[in-house]
Amino acid sequence: MKTASKILRQRSGNTWFRLLNDVVFKSFFSMDEDLGLLRQFLSDTLKIPLGELVGITIKNPEITLEDVEQRNVILDLLVEVAGGRLIHLEIQVGNHAFFKHRVIYQHARLATGQLKRGDGFELQRQISLVIVDFALHKDVPNPEVFHRQFMWRDDSGVVFDDITEIHTVELGRLPKQSDSEEIAWYELFKARTDEELRELAGRSETMRKAVAHLERVSADENVRRLAEARDYWMRMDNSVKEQGYMDGVADERERANAKAFAEKLEKAKNGFSKGYSIEIIHDLTGLEMTVLRGLQHEL
């Protein structure tokens, strides 16, 4: 079973964090001073002309450690375009029960949040772009499609209103080879090695800027601290979920791995309580330093 913690885990030689870490995803766009990369990303992925993406504002740019430590916090990005159009961006690496229902709920809030007592019912356009690293739409007749757009239509294709739309992107369905700038963005999300980053940076000026910016964001001390904490809590949550599987759902190897991880965490806690250094605890338990730093902060 491929858990979210394994997906987010960094190769020891990397000095950068992957965009699949939602703290890094949000910081990547929020820390771009003129939001030029965000405008280009929205244009390339949602096919919105750059001329329509003027006066964009990120409505929720802040990330705090308290946000990260709340297991169910939604670290997505809410963007407002001049004129009132709202765009909700979300990255998700692990499937959860009723995930599609959560997407619908979050998308509905884009509409209901616009209305105040005494207002009329004129709404600005709402768009959600949800990027996932798992199979979201299963048993579909055209599994090669990675980007799907959902609108309110009847069975003959008549659109009720084009004011609202949900886009889903499944990274696992990306085509193997493509010169598309949209595909390049999503390959940046999936990149694991320095070689992959260099190859992407050589494709276009946009990708060169995006790769350079990702490296700058990853070097920010506050981002690193929050990203490591987020990774730690995701690992913890996965451990709890794996231990809580009903009989017959997880095999013996998965349960054994979850139990061993929990035992190592307990040993690490004991080590910290006795004043051992993080390096010694790393040698004793074999736990990764990102996990140990998160545990040390918690304690």
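A: Strands β3 (residues 86-92) and β4 (residues 126-132) pair in the parallel sense over seven bridges; strands count as paired if DSSP finds at least two bridges between them. Strands (E, at least two residues) and helices (H or I, at least four) are DSSP runs, numbered from the N terminus. This is a predicted model, in which local features need pLDDT of at least 70 and side-chain atom pairs count only at pLDDT 80 or more, while totals for chains, interfaces and linings use all residues. Residues are numbered from 1 along each chain as its sequence is written, and side-chain values use heavy atoms, with hydrogens and water left out.

Within this pair, I87 stands opposite I127 of β4. The two strands belong to an open six-stranded sheet with mixed pairing and the order β1-β2-β3-β4-β6-β5. Its edges are β1 (57-58) and β5 (147-153), each of which pairs on one side only.

Helix α2 (residues 22-30) packs on the sheet and touches β1, β2 (77-80) and β3, contact meaning heavy atoms within 4.5 Å. The direction of α2 makes about 145° with that of β3; axes are lines fitted to C-alpha atoms, for helices over the stretch in contact, and angles run from 0 to 180 degrees between N-to-C directions. Helix α6 lies across β3, β4, β5 and β6 (159-170), at about 50° to β4.

Beyond residues up to four places away in sequence, F41 touches L89, L129, I131, W185, Y186 and F189, among others.
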